[in-house]
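Welcome! Take a moment to look over the sequence and the model, and then let us walk through some backbone and side-chain details together.

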Amino acid sequence: MESEDDMHDANEVASVEEEDDYYSGGEEEEEEEEEDMDEEGDDEEDYDFAEEDDVDTGDYDFIANNSDDDAIASRSQNYTILKEEDIRQRQEEDITTISTVLSISREAACILLRRYDWTVNNVHEAWFADEERVRKAVGILDKPLVKFTNSGEVTCGICFESYNRDSLRSVACSHLFCDTCWKAYISTAINDGPGCLTLRCPDPSCGAAVGQDMIDKLGSGEDKEKYGRYLRRSYVEDSRQIKWCPAPGCDSAVEYSLGSGSYDVTCSCSYSFCWNCTEEAHRPVDCETVAKWVLKNSAESENMNWILANSKPCPKCKRPIEKNQGCMHMTCTPPCKFEFCWLCLGAWSDHGERTGGFYACNRYEAAKQEGVYDEAERRREMAKNSLERYTHYYERWASNQSSRQKALSDLHQMQSIHLEKLSEVQSQPESQLKFIIEAWQQIVECRRVLKWTYSYGFYLPEQEQTKKQFFEYLQGEAEAGLERLHQCAEKELTNYLNSEGPSIEFNDFRTKLAGLTSVTKNYFENLVRALENGLSDVDSQAPPNMTGSKNVAGTSSKAKGGRAKGSSKTSSSVRNTDDSSGNWACDQCTYMNARSSSTCIMCQRRR
């Protein structure tokens, strides 16, 4: 049975999960506040805030959102993970339905479904609209095309050998071929790829379909396995609602409900990707931006920009040359070996003491004043600025990708090794340490979001300075909050992991980490929604003082978080002002602390 202290600690954890975003701060409504004070007492530290139903969130106020879990749960219902057995079962059910309704063989039903992309309704509509046309199109014949007498021998249509009538085979058309030729024909078609699913009679003038029954009778074990694999894959690849998981080695598919919201899905193999473009999950960036960013990272355009910004062409052979140090006397590599001046690109034989020596060029300075090199210098400067801007965003994008991979590795290590050790050291069951796994999972997700915000920022129009500055402010706040959570989950946890026995401060650490996880999750969810909306409430024409967004500024009288995300003036007023209940916001992290606390529970800064 748990002790009273443990129950109190559990209540504190549950309470922290309902508290406000530590980037927002905020006030409770008076009625809610009075009820809480009546229930909890004046001296008890509590972090309960107003319920979500009493909060006017606007478009994307950066406040705590207690319904985030419900939103995520609803999003998780818009797709279904399909294993190989699930696909096979669905195919069998559809074949049975078509076979029963249309009174045709299962083989013919499979051919029909394959023709109409495994959509039962489409088969019904086409069949009942014009059965004869459908039969002809797919090769399902209701009567044979040729007739043979039962007596005598028959010649195989491929090898032209004579056989007894009973030793030859045919599909519905009755064109007869020997088993040897059939096997070779089937094997060749299957080895050629998925086209074997639309295999027709070997007779060039015949369009009768060759179904799975013939494959099962004459195909080798390997051929039958390949054909079955092609058939199962066709169920996914012909569907508009199902796609394969792109993770290496994963054989699962994802069925998505079109028009149901976010395209981000997570397969059973734990790989998250965008169902629409099959790239890795990239909220808040749209698929078009991701495609441009991936192409830019792999294209040669930035190489050319670097060459243009950091090199000059040899005046003779035009090969680019980089100068990293030394004098202005340049010699091209063999076989050219042309000697020239780096500044004016003239032949070095025309240079000497009279032109400024080895480290200057009077000809260049005079020509520069006359504007001879203006266009070349302008192009070089533009290329250099473009390269520096791209490098700025790419390095940070790649850095967060590396950090995410490291966080994933740490998460797996925590699940497989450290959690069991921590349970033994702190004498607590692993079920009560799930808050640590949740924190690391949140770190991984936040690293992914933060990574893609840099591609978002790269394509943000330069002329929208207000929106750009506001975006950079939000991005900076996100980075700072994530670093606090990461440090707590990594550095502070190490102290308890390496301790010799149970620590009395561990419950305080539990409260702190759970609180940081909750508020960081809320902030990033709101950040994603804001960027997906294109920061639409920010006035691009307003002066760049980050005051253009009324919703982000938190003007709602019912909102928990009154602190403006776009106004430093509003921000400072909230941070330095206690709310009506006496709770105070930390100047450093904006976390709302209980009035009895003298030190911020999140960042340990004194009041």
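This is a predicted model: local features need pLDDT of at least 70, side-chain atom pairs count only at pLDDT 80 or more; totals for chains, interfaces and linings use all residues.

Thr278 is partly exposed, with a relative accessible area of 34%. Although Thr278 is not a glycine, its phi is positive, at about 60 degrees. You can find Thr278 in the loop between E9 and H11.

Ser270 is another residue to look up. It is not a glycine either, yet Ser270 has a positive phi of about 80 degrees. Its place is the loop between strand E8 (264-266) and E9. Is Ser270 buried or exposed? With a relative accessibility of 62%, Ser270 counts as exposed. As background for both residues, most residues other than glycine have a negative phi, and most peptide bonds are trans.

| Cis peptide bond | Omega |
|---|---|
| Arg283 and Pro284 | about 15 degrees |
| Pro334 and Pro335 | about 5 degrees |

Where do the prolines Pro284 and Pro335 sit? Pro284 belongs to the loop between strand E9 (272-274) and helix H11 (287-298). The loop between E9 and H11 also holds Thr278. Pro335, for its part, lies in the loop between strand E12 (329-331) and strand E13 (339-341).

Next, let us turn to a charged side chain. Asp203 is located in the loop between helix H8 (179-191) and helix H9 (212-218). Asp203 does have a polar contact, though: its side chain is joined to that of Ser205 at 2.7 Å. Leaving aside residues up to four places away in sequence, Asp203 touches His175 and Phe177.

Finally, how confident is the predictor about this chain? The mean pLDDT of the chain is 76, and 73% of its residues reach 70 or more. Over residues 1-76, however, the pLDDT is below 50, and this stretch has 179 contacts in the model beyond near neighbours in sequence. Residues 544-577 also have a pLDDT that stays under 50, and here the model has 100 contacts beyond four places in sequence.

Note on methods. Residues are numbered from 1 along each chain as its sequence is written. Side-chain values use heavy atoms; hydrogens and water are left out. Helices (H or I, at least four residues) and strands (E, at least two) are DSSP runs, numbered from the N terminus. Buried means under 20% relative accessible area, exposed over 50%, partly exposed in between (1.4 Å probe, protein chains only). A polar contact is a pair of N or O atoms within 3.5 Å; within protein, one must be able to donate a hydrogen and the other to accept it, and residues adjacent in sequence count only if both atoms are side-chain atoms. Contact means heavy atoms within 4.5 Å. pLDDT is the predictor's confidence in each residue, from 0 to 100.
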